[in-house]
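Student: I should like to learn how to read individual features from a structural model. May we work through some of them together?

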Amino acid sequence: MLHRLGARSRHPALTRASAAALLLVASAGTALAQATSLHALTPEQAVEMRRISNPVFSPDGARIAFVVTEPPGDSTTLHHIWIVDAARGEPRQLTWSAHSEDSPRWSPDGHTLAFLSDRDQGRQLYTLPMDEGGEGRPLTKGRSAVRAFDWSHDGQRIAFLAADEKTDAERKRERERDDARVADRDDRNSRLRIVDVATGVQRALTPPDVDITAVEWLPDDRHLLVLGTDQPASDDWKDKLYVVDASDGTLRVVLEPHGPLGGMQLAPDGHAVAFTGARVDGPTPHDLFVLPLHADGTAAGAARNLTASLDRDVGDFAWTSDGRLIASVREGFHHVLYAIDERHGAQLLRGAEPNPSNIAVSGNGTIAFTGETATSPTELYVLARDGAARKATALNAAWNDVALVTPEPIHYRSFDGVEIEGALLRPKSAGAARLPLIVLVHGGPAGAWSDAIEAWGQLLAERGFAVFYPNIRGSVGYGQRFLEMNRADWGGKDFKDVMAGVDTLIKRGVADPDRLGIGGWSYGGYMSEWAITQTNRFKAAVTGAGMANLISEFGTERGPAYDRWYFKLPYENAKEFLESSPFMYLKNAHTPTLILQGLDDTTDPPGQSRELYRGLKFYGVTAELVEYPREEHGFRERKHLVDRLHRIVDWFDRYVGTTGTVGTRSQSSP
């Protein structure tokens, strides 16, 4: 049903419009199920979905290039570039190599498309003539991957980001296995470089000790705006906005915030830059800001928060030709589009359905976006001015024959009166009897469940389980105050929100109190681990890439600034870290627990799952640890993805499905 968003992965009530939208989708889904012959979702089918992203209009607005991510393969997932006529539709695949292509960018005259591809030794920059056809030609070469790029306004140069290549001496040492490396000091940072499109001659602009993550040319083609940091070894948020002189690489700081920075985009006239940033100091870029600029890229005033009164999480955004911003904004389980400017504030755009994200805007105001729901996978949509969105692709048409359950909106009061929004999947065959219930908790904690297909829940609903998705306090999409409500309180009030939701469903006659399970990934995995140490009400748990020990997590994870925002430093605040760590309470655990972990995960490293598993073994709790080689925080290999889904469903089926008592230690629930 619903897609999990999370910073490791990220209020009151759902708006009446959002609730009505869910109900509308529900009735439409029911009608579809009655009118067609549908087949049950399987783990194998669940991974067979194309993802669409990165739409980009041609300069004349007539065509849209976009990226299609194919279903995962056994060892890799391929991305290809497609193109569609903005008015007629008729999408067609543009790149066909046996490797991947992504990040399409039109030249200013629209005659050439540049993109990134790993066809050679590393991810390099290619150009493809759109008038003549033919194959893309490499514009850069080497083993150091290109990170991002941008055309100059005259079309003669491309700025791109790539690290320095290893020297011959370094490669020789690697071959001879004399390859010790010094942490931080031997890291390679992405440098800003410029390549001449006609000759392929390139040069580096920024020094190797500065890491650059995003770049855009200013209209004068003499300066560039970049995001980066001159403290890349820092484990804190140190990104700044710089202006770079294209002639000599001189860096000048334009903005130095006190929290995380999101994406940036220059206004068409170059007089301002928009970016997403934290309202105060974290934990995520929540609001949309605009910083006025002089012609040379230096700041012409202070940055202004354009969405403070809106108070909702801003995702993708794009400038219009008349100086407004179009932004995808999360409202509870849904996404909507707003037109935003300083004079009129934020105005809701009608007709932008379903759940717009990954947006692009043409010069004439036409908007392209990707959209999906809990019963329909991602497609590309086009929204003309003052019109309704039209579906421009049907790349996931095979899903029309899959039986999916439509979510029901659930609202309830938590223990302290705070209103929580959730969603419920009921199996199609459900009658009046109470159902076994599985609670799934999203990642983050600054994440949320959204109106998109979520395989765990759909597969469980197919097996006869009710599935509950609560957006507990700390979730995005309900305002800054709601987002901050679990700061320094993981496993506290947020866990009580989970249990209040379970009790609500029991009181409403939905859930069988003797057949409950809990599961989740990342922060959802943490919450599952926490739950089994706090209560014996759950008969089974599944935890993926969780966090058993918040102190060792902080010391080994990538990006500890996020956890620091919630708990400060463990060296000075160990008590709070420990009090919120499941491993401190493992002696209370009795619940059969399935633990899933990618061995290359640096977000929530494998040691976290091993600490949990070892503790459960010592206390005689039924537990199984499954480790997946080569997998990072988000799995990529087809066989692993399918295996994981089979194990999740089988675990809940075994321990919750009928009796819910197999394999538990005998002890009364608190």
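Tutor: Let us begin with a single residue in this predicted model. A98 is placed in the loop that joins β6 (89–93) to β7 (101–106).

Student: How far is A98 from K507 in sequence and in space?

Tutor: The two are separated by 409 residues in sequence, and their C-alpha atoms are 55 Å apart.

Student: How many residues of α6 are buried, and what covers them?

Tutor: Eleven of the 15 are buried, so the helix is mostly covered. Among them are F495, V498, M499, V502 and L505. The covering elements include the strands β32 (408–413), β33 (419–425), β34 (435–441), β36 (466–471) and β37 (511–521), together with helix α7.

Student: How does one describe a pair of aromatic rings?

Tutor: One gives the distance of the centres and the angle of the planes. There are 22 aromatic pairs in the structure. One of them, Y478 with F482, is tilted, with 5.2 Å between centres and 55° between planes. Y478 is buried at 3% relative accessible area, and F482 is likewise counted as buried at 3%. In another pair, the ring centres of F554 and F577 are 6.0 Å apart and the planes stand at 85°, so this pair is edge-to-face. Because F554 belongs to helix α8 and F577 to helix α10 (residues 574–579), the pair ties together parts 23 residues apart in sequence. Both F554 and F577 are buried.

Student: Which residues form a cluster through ring pairs?

Tutor: The cluster includes W490, Y523, Y526, W530, F554, W565 and F577. A charged side chain may also sit over a ring: R487 lies over the face of W565, 3.8 Å from the ring centre. K496 lies over the face of F415, at 4.7 Å from the ring centre.

Student: Does the end-to-end span of helix α11 (residues 606–618) agree or disagree with expectation?

Tutor: It agrees, because 13 residues should span 18 Å at 1.5 Å a residue, and the end C-alpha atoms are 19 Å apart. The buried residues of α11 are P606, Q608, S609, L612, G615 and L616. Their cover includes α7 (523–534), β38 (540–544), α8 (550–556), β39 (593–598) and β40 (623–628).

Student: What does S609 touch?

Tutor: S609 is in helix α11 and counts as buried at 1% relative accessibility. Leaving aside residues up to four places away in sequence, S609 touches G546, I595, L596, Q597 and L625.

Notes
Residues are numbered from 1 along each chain as its sequence is written. This is a predicted model: local features need pLDDT of at least 70, side-chain atom pairs count only at pLDDT 80 or more; totals for chains, interfaces and linings use all residues. Side-chain values use heavy atoms; hydrogens and water are left out. Helices (H or I, at least four residues) and strands (E, at least two) are DSSP runs, numbered from the N terminus. The expected span of a helix is 1.5 Å times one less than its number of residues. Buried means under 20% relative accessible area, exposed over 50%, partly exposed in between (1.4 Å probe, protein chains only). Contact means heavy atoms within 4.5 Å. Rings of Phe, Tyr and Trp (its six-membered ring) pair if their centres lie within 6.5 Å; planes under 30 degrees apart count as stacked, over 60 as edge-to-face and the rest as tilted. A charge sits over a ring if NZ of Lys or CZ of Arg is within 6 Å of the ring centre and within 35 degrees of the ring normal.
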